[in-house]
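Take a look at the sequence and the structure below. Then use the points that follow as a guided tour.

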Amino acid sequence: MLPVVALVGRPNVGKSTLFNRLTNTRDALVADFPGLTRDRKYGQAKFERRQFIVVDTGGITGDEEGIDAEMAQQSLLAIEEADVVMFLVDARAGLLPADQGIADHLRRINKKVFIVANKVDGIDGDSESAEFYKLGLGEVKQIAAAHGRGVSQLLQDGLAPLEADFPDMEIVDDIEPEGEEDAEAQRQRLQDLPIKLAIVGKPNVGKSTLTNRILGEERVVVFDQPGTTRDSIYIPMERDEREYVLIDTAGVRKRKKINEAVEKFSIVKTLQAIEEANVVLLVIDAREGITDQDLSLLGFVLNSGRSLVLAVNKWDGLSSDVKDDIKREMDRRLGFVDFARIHFISALHGSGVGNLFGSVQEAYSSATKRINTSILTKIMEMAQDDHQPPLVRGRRVKMKYAHAGGYNPPVIVIHGNQVDDLPNSYKRFLMNYFRKALEIMGTPIKIEFREGA
Ligand code: GDP
Ligand code: GDP
């Protein structure tokens with residue numbers, strides 16, 4: 001599990017600026033689900049040695065009517081989902097009544113809150129942010145989100161208290177060359193464990209229908225698993241003599257004891273499920289085609305390095321023309337996940353559902369398949385013979401040897417001269433070459449390059 005950090009505050013204090021910095025600017029994978037999250041934006045944040053989920057909100061004006069009221073409501077929901085709240089204020093504008101209103105709310109709830117005085121660039125930060133101590137929420141952190149100043153320290157202080165509860169937050173170092181034995185031990189351990197399979201997709205694509213179909217019952221069984229609404233339910237199951245744990249994000253099996261209004265679809269829940277899964281089964285609605293939301297979710301899956309199987313659902317009752325159109329659209333827009341098998345299914349009628357597990361198994365075996373140094377080096381040499389690496393600054397890039405650096409997803413480490421300078425097109429060529437030669441399907445492959453022998 002990853003911790004969730006919510007950014008709240010009045011409009012224009014710099015929440016989006018901070019969000020973009022944490023999620024890496026323009027390419028931020030923002031899941032923006034109209035009608036559901038409105039003003040909440042979610043991103044996978046990676047900052048220095050840490051990763052977490054960050055939620056940006058539209059802002060609270062203190063003048064909550066109409067649109068503003070809705071915006072405030074979204075902020076409250078984001079606060080509810082968060083482990084840490086970053087309450088942004090504008091050091092240049094000073095303390096405003098709306099800030100007071102937000103502080104009143106934050107003081108009443110039992111959450112770790114940090115006051116963050118933004119825009120301290122070019123002003124006397126200490127004196128301009130002093131008045132925010134009046135909010136009664138403790139220390140005021142100073143940052144300039146637009147320039148990155150203070151952000152590292154803010155995260156250091158903000159995330160440190162969560163370390164014990166969220167060990168996954170720390171980004172662990174890549175396995176070094178001498179780590180091949182560790183990699184093998186990791187692989188064997190993974191092969192014996194149940195496959196954690198997350199069924200994800202935007203609302204109404206048919207996740208519940210599919211989950212019920214897979215579990216072979218239409219009945220909703222009450223489960224007694226602890227947790228909050230943002231946690232998924234874990235359902236152990238067996239299929240073809242293989243053990244699985246189904247991560248149910250659709251809330252098919254409901255918990256006892258929870259009587260609060262459950263938000264059926266939750267992005268935080270979906271992101272956590274992807275993070276925890278070995279294989280993600282992403283469901284797409286054939287009747288809607290590929291939407292931006294689907295692409296957002298795929299982006300999250302890809303970023304996490306998870307294995308992937310695609311299920312295009314509601315394939316029943318479509319004319320062959322429509323089917324052809326959808327297939328063409330998929331070819332056009334899903335090229336970036338061409339390692340994943342695609343199934344056309346009807347969760348409602350059951351057609352195609354049985355075959356999904358073959359691809360899930362294949363993806364997991366691929367992700368944990370033994371690859372040894374001599375074979376990897378051989379394949380690398382073949383690739384190099386077939387297609388010479390380019391010249392960089394007048395010298396030919398030379399790859400020397402390769403070895404496995406981890407599994408799930410498979411990591412291939414290539415050593416050589418100037419390998420850091422290989423252009424992306426050559427890296428893609430290598431990736432495809434390894435994929436074909438190793439017969440790896442359903443999982444991304446990571447290639448890392450190390451300078452020197
Ligand atoms: P949001 O409405 O809270 O999401 O605020 P934005 O991130 O959209 O920022 C509002 C304005 O403040 C924009 O014009 C930003 O360029 C500006 N801004 C954000 N961070 C900083 C900063 O660190 N220093 C200065 N001087 N301006 C900033
Ligand atoms: P979820 O929100 O992703 O869990 O989606 P549901 O499983 O609740 O399904 C949403 C709607 O799509 C329901 O009305 C289902 O009956 C319908 N549905 C689900 N799967 C199929 C399918 O394979 N074919 C058709 N025609 N409808 C489906």
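The model is a predicted one. Its largest nonpolar core has 89 residues. A three-stranded open sheet also features here.

**Ligand 2**
- Around ligand 2 there are 15 residues, of which Gly 206, Lys 207, Ser 208, Thr 209 and Leu 348 come nearest.
- Helix H7, residues 207-215, supplies the largest share of this shell, three residues.
- The shell around ligand 2 contains five nonpolar, seven polar and three charged residues.

- In soluble globular proteins, nonpolar side chains tend to be buried together.
- In the largest core, of 89 residues, Ala 6, Leu 197, Leu 281 and Leu 282 have the most contacts inside it.
- Strand S10, residues 279-285, provides the largest share of this core, six residues.
- Another core lies apart from it, with 17 residues, among them Ile 412, Val 413, Phe 434 and Ile 440.
- Leaving out residues up to four places away in sequence, Ala 6 touches Val 55, Thr 57, Ala 78, Ile 79, Glu 81, Ala 82, Val 85 and Met 86.

- Strands of a sheet pair through backbone hydrogen bonds, either parallel or antiparallel.
- Here three strands line up in the order S15-S16-S17, and the pairing is mixed.
- Strand S15 (398-406) and strand S17 (446-451) each have a single partner strand, so one side of each is left without a neighbour in the sheet.
- From one strand to the next, the twist averages 25°.
- Strand S16, residues 411-417, pairs with S17 in the parallel sense over five bridges.
- Which residue in S17 is the bridge partner of Ile 412? That partner is Ile 447.
- Helix H12, residues 373-386, lies across S15 and S16 and runs at about 140° to S15.

**Tyr 234**
- Tyr 234 sits in strand S8, residues 233-239.
- Is Tyr 234 buried, partly exposed or exposed? Tyr 234 has 17 C-beta neighbours inside 10 Å, so it counts as partly exposed. A buried residue needs 20 or more, and an exposed one has 12 or fewer.
- Between Tyr 234 and His 415 there is a separation of 181 residues in sequence and 41 Å in space, C-alpha to C-alpha.

How values were computed
Residues numbered from 1 in each chain as written. Chains lettered and ligands numbered in written order. Predicted model: local features only at pLDDT ≥ 70, side-chain atom pairs only at ≥ 80, totals over all residues. Pairing = 2+ DSSP bridges. Helix = DSSP H or I, 4+ residues; strand = E, 2+ residues; numbered from the N terminus. Axes fitted to C-alpha atoms, helices over the stretch in contact; angles between N-to-C directions. Contact = placed C-beta atoms within 7 Å. Near = placed C-beta within 6 Å. Nonpolar A, V, L, I, M, F, W, Y, C, P; charged D, E, K, R; others polar. Core = buried A, V, L, I, M, F, W, Y, C linked by C-beta atoms within 7 Å.
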